[in-house]
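Open the model in your viewer and keep the sequence panel beside it. We will go from stop to stop, selecting a few residues each time.

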Amino acid sequence: RVKGIQVMNDNGSYLISAYAKRWITDTPRMRERILKILSVWSSTSNSSPVEGLVRALTDFQSSAKDMSIYVLGDDYSGNDFDMVIETVRKLNTSGARINAINFINPSALTDRFSVLMREITYQNNGTLITM
C-alpha cells in the first residue's frame, strides 16, 4: 500500500514544488497529474543520482524506515563511487529501501550508473533492473 509519493530529478529538484519536502497523497488523480507534468518537465541533468538521493534521504528521514526510493537513470558522470556509497550509508540510518532502473543508452559513455547503483541497491536492500 502506497501512503504517499514524491518525484524529483537527479539534482534533487521537486517535480511539484508546492509539495517540496512533503508527501503527495497517492490518488489516481494525483498520479494522472504527475504523469502529465512529467510529459512536459524539462530540467538540466548532470547525470548523477547523488544529489537526488541525498535530498530524498535528508528531507524524508523521519519516514525512511518504511520508504522505498526508485532511482531511474542511464549514466553517472561522477568519478567517485566510494564517496557516494559512504554518503548514502551515513544518511540511510532508518533503512529506506533503494531500488534502481538502469536504462541502457547506446550514447552513454560508460556503464558507471549500473555499477554504482548495483552497489547502492545491494547495500540498501533494493533491486537493480537493467532495461
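Start by selecting strand E3, residues 68-73. This is a predicted model. Which element gives the most to the lining of the largest pocket? E3 does, with 6 residues. The pocket holds about 1,500 Å³ of space. Its lining is made of 41 residues, and those closest to the centre are Gln-6, Val-7, Met-8, Ile-69 and Tyr-70. Colour those five.

**Stop two: the strands beside E3**

Keep E3 and select strand E4, residues 97-102. The two strands run parallel, joined by 6 bridges. Find Ser-68 and look across to E4: Arg-97 stands opposite. Now show helix H3, residues 81-91. Together, E3, H3 and E4 form a β-α-β unit, and this unit is right-handed.

Move on to strand E5, residues 128-130. E5 pairs with E4, again in the parallel sense, over 3 bridges.

**Stop three: the largest nonpolar core**

Show side chains now. The largest nonpolar core has 21 residues. Which of them touch the most other members? They are Ile-69, Val-71, Ile-98, Met-117 and Ile-120. Helix H2 (50-59), E3, H3, E4 and helix H4 (112-123) each give two or more residues to this core.

Zoom in on Ile-69, which you have already met in the pocket lining. Leaving aside residues up to four places away in sequence, Ile-69 touches Leu-53, Ala-56, Leu-57, Ala-96, Arg-97, Ile-98 and Asn-99. There is also a second, separate core of 8 residues, including Val-7, Ile-16, Tyr-19 and Ile-24.

**Stop four: helix H2**

Select H2 and pick out Val-50, Gly-52, Leu-53, Ala-56, Leu-57 and Asp-59, which are buried. What covers the buried residues of H2? The cover includes E3, H3 and E4.

**Stop five: Ile-85**

Go to helix H3 and select Ile-85. Is Ile-85 buried or exposed? Ile-85 counts as buried because its relative accessible area is 15%, and the cut-off for buried is under 20%. Not counting residues up to four places away in sequence, its contacts are Leu-116, Glu-119, Ile-120 and Gln-123. Draw a distance line between the C-alpha atoms of Ile-85 and Leu-116: the separation is 8.0 Å, although these residues are 31 apart along the chain.

**Last stop: two loop residues**

Most residues other than glycine have a negative phi. Two exceptions wait in the loops. Select Lys-21, in the loop between E1 and strand E2 (24-25). Its phi is positive, near 65°. Lys-21 is exposed, with a relative accessible area of 57%.

Then jump to Asn-125, in the loop between H4 and E5. Asn-125 is not a glycine, yet its phi is positive, about 55°. Is Asn-125 buried or exposed? Asn-125 counts as exposed because its relative accessibility is 57%, and exposed means over 50%.

Notes
Residues are numbered from 1 along each chain as its sequence is written. This is a predicted model: local features need pLDDT of at least 70, side-chain atom pairs count only at pLDDT 80 or more; totals for chains, interfaces and linings use all residues. Side-chain values use heavy atoms; hydrogens and water are left out. A nonpolar core is a set of buried Ala, Val, Leu, Ile, Met, Phe, Trp, Tyr and Cys residues joined through side-chain atoms within 4.5 Å. Buried means under 20% relative accessible area, exposed over 50%, partly exposed in between (1.4 Å probe, protein chains only). Helices (H or I, at least four residues) and strands (E, at least two) are DSSP runs, numbered from the N terminus. Contact means heavy atoms within 4.5 Å. Two strands pair if DSSP finds at least two bridges between them. A crossover is right-handed if, with the strands pointing away from the viewer, the path from the first strand over the helix to the second runs clockwise. On a 1 Å grid over the protein atoms alone, a cavity is a set of points where a 1.4 Å probe fits but cannot get out, and a pocket is an open set with protein on both sides within 12 Å along at least five of seven lines; lining residues have an atom within 4 Å of a point. Grid points are joined across faces, edges and corners, and a volume is the space filled by probe spheres set on the points.
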